[in-house]
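Welcome! Please take a moment with the sequence and the 3D view below, and then we can walk through them together.

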Amino acid sequence: MSERRFTPRKADFPVVRSSVGRSMLAIDSLLKTYPGRGGRAATKALDGVSFTVKEGDFFTLLGPSGCGKTTTLQCIAGLEAPDDGTIRMGSEVVFGSRGGAFVPANRRGLGMVFQSYAIWPHMSVFDNVAFPLVFGGVRMAAASVKAEVMRALEMVQLGHLADRPAPMLSGGQQQRVALARALVRRPRILLLDEPLSNLDAKLRDTMRAEIRALVKSVGITTIFVTHDQTEAIGMSDQIVLMRAGRIVQQGGPRDIYLRPNSVFTADFMGRSNLIAGKAVVEPGAPLRIDTKLGVLVAETDTEFAPGASVVAVVRPQAVRIMPKASGSNSINSFAAWIVSLNFLGDLVEAEVEAGGVRMVLMLNPYDTYEEGSEITLHIPPENCVAVPADDREAAS
Ligand SMILES: Nc1ncnc2c1ncn2[C@@H]1O[C@H](COP(=O)(O)OP(=O)(O)OP(=O)(O)O)[C@@H](O)[C@H]1O
Ligand SMILES: [Mg+2]
């Protein structure tokens with residue numbers, strides 16, 4: 001059966017008020033340590049996590065396995081209690097270690113999709129979605145339950161499968177049941193913990209677009225958890241990148257990808273060339289980095305002391321290739337040669353060498369190059385970002 005394209009409107013979701021831009025969720029200095037058991041050491045899962053989410057934002061917690069994403073989400077949901085810190089939703093403190101506030105999970109007004117969908121196999125699609133209304137502590141007439149469940153199922157295009165037993169669904173449909181169940185109580189915030197991880201690659205792509213379209217069309221504030229940087233870049237308004245219980249960087253997808261503040265961010269968000277060197281600092285002048293390649297002019301958000309160890313982050317798409325004849329005398333232009341070329345269809349991956357430094361570049365497949373040829377490389381200073389060298393080894 002072909003599935004209808006769903007087109008929910010804001011009016012279907014009256015919980016959202018017209019105050020986009022206001023802080024919907026504010027997390028301040030969360031600490032959480034899980035005690036060790038059976039002789040094992042305790043785990044510091046959250047080590048001072050703070051961020052603010054604007055109403056209506058699609059906000060993503062990104063980071064490698066074990067960095068504390070689920071723990072953060074569960075603290076927001078009220079399923080875990082932090083050891084210290086504050087969680088505010090709008091003007092309400094739902095957790096405050098100092099004042100002792102703890103609003104229980106079922107009174108926080110949240111919808112959650114868990115890392116495993118937690119769909120109940122012995123129930124129909126309808127009963128799965130009705131569960132939070134029937135057992136969630138709200139008294140509701142059967143007719144209202146039916147109307148709310150069907151509204152949530154229509155939002156995820158599953159109205160026509162309401163009576164089907166849950167096991168008789170595809171992976172994508174089960175994922176939508178979990179979404180409908182999270183939305184049925186008209187939550188003020190939607191929490192999604194890796195909701196796409198059980199789907200195959202093609203379905204993931206489709207569901208990415210659908211989830212973003214769904215939450216944007218109803219305007220619901222959404223906290224999304226993933227370890228997949230492509231997913232984060234393609235779906236988010238804001239990304240928080242976490243590592244070992246701390247936030248490494250926060251920003252929009254462009255900032256995080258193009259303007260990393262650390263080797264860890266650069267490495268986690270995609271491929272990059274990391275060129276080591278020493279900072280040459282002169283008041284009023286842009287930062288220069290003395291590298292094996294030559295002197296690189298770079299942009300940075302970090303203050304470096306003269307002589308500090310610096311890494312220049314250069315994305316493979318950031319470099320221009322010119323004929324050798326164009327010369328290497330201008331800023332950030334270097335004599336180089338093409339070591340190898342790999343035609344991949346949508347791009348050509350090239351390995352080039354300049355001053356003993358090997359770099360990987362992504363070139364336009366319509367341009368022709370030859371292996372072994374001599375060229376001039378140009379790295380526009382705005383495409384060259386200097387970050388501290390100190391976390392380099394830990395990034396691998
Ligand atoms: N109930 C628990 N008891 C003890 N340690 C825990 C518990 N839950 C999580 N941890 C530990 O806390 C740290 C953070 O875990 P968390 O589940 O928040 O990571 P995550 O970023 O969601 O990882 P993943 O991407 O693998 O889901 C990890 O080191 C984990 O082993
Ligand atoms: Mg997790």
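## Two domains

Two residues are in contact if their C-beta atoms, placed from the backbone, lie within 7 Å. With that in mind, please note that this is a predicted model. The chain is divided into two parts, domain 1 (10-258) and domain 2 (263-395). Their centres, taken over C-alpha atoms, are separated by 39 Å.

How many residues of domain 1 are in contact with domain 2? There are 7 residues of domain 1 in contact with 5 residues of domain 2. On the side of domain 1 that touches domain 2, the elements giving two or more residues are β10 (238-243), β11 (246-251) and α7 (253-258). By class, this side of domain 1 has 4 nonpolar, 2 polar and 1 charged residues.

## Around ligand 1

Now let us turn to the ligand. The residues that surround ligand 1 are Tyr-34, Thr-43, Ala-45, Gly-63, Ser-65, Gly-66, Cys-67, Gly-68, Lys-69, Thr-70, Thr-71 and His-227. Helix α1 provides the largest share, with 3 residues. Sorted by class, the shell around ligand 1 has 3 nonpolar, 8 polar and 1 charged residues.

Just after α1, Gly-78 takes a positive phi of about 90 degrees.

Ile-87 stands opposite Phe-95 in β5.

## The nonpolar core

Which residues have the most contacts inside the largest nonpolar core? They are Val-129, Ala-180, Leu-191, Ile-223, Ala-312 and Val-314, in a core of 102 residues. Helix α4 (residues 171-183) gives the largest share of this core, 6 residues. Because domain 1 and domain 2 both give residues to the core, it lies between them. As general background, nonpolar side chains tend to be buried together in soluble globular proteins.

Not counting residues up to four places away in sequence, Ala-180 touches Val-129, Ala-152, Leu-153, Met-155, Val-156 and Leu-158. One of these, Val-156, sits in the loop between α3 (142-155) and α4. Val-156 counts as buried because it has 25 C-beta neighbours inside 10 Å, where 20 or more are needed. Val-156 and Val-295 are 139 residues apart along the chain, and 55 Å separate their C-alpha atoms.

## A strand pair to finish

Val-314, another of the core residues with the most contacts, has Cys-384 as its bridge partner in β21. Strand β15 (residues 309-314) pairs with β21 in the antiparallel sense over 5 bridges. Strand β21 (residues 384-388) is largely enclosed by the rest of the structure, since 4 of its 5 residues are buried.

How values were computed
Residues numbered from 1 in each chain as written. Chains lettered and ligands numbered in written order. Predicted model: local features only at pLDDT ≥ 70, side-chain atom pairs only at ≥ 80, totals over all residues. Near = placed C-beta within 6 Å. Nonpolar A, V, L, I, M, F, W, Y, C, P; charged D, E, K, R; others polar. Core = buried A, V, L, I, M, F, W, Y, C linked by C-beta atoms within 7 Å. Buried ≥ 20, exposed ≤ 12 C-beta atoms within 10 Å, placed from the backbone. Domains from an automatic or database assignment. Pairing = 2+ DSSP bridges.
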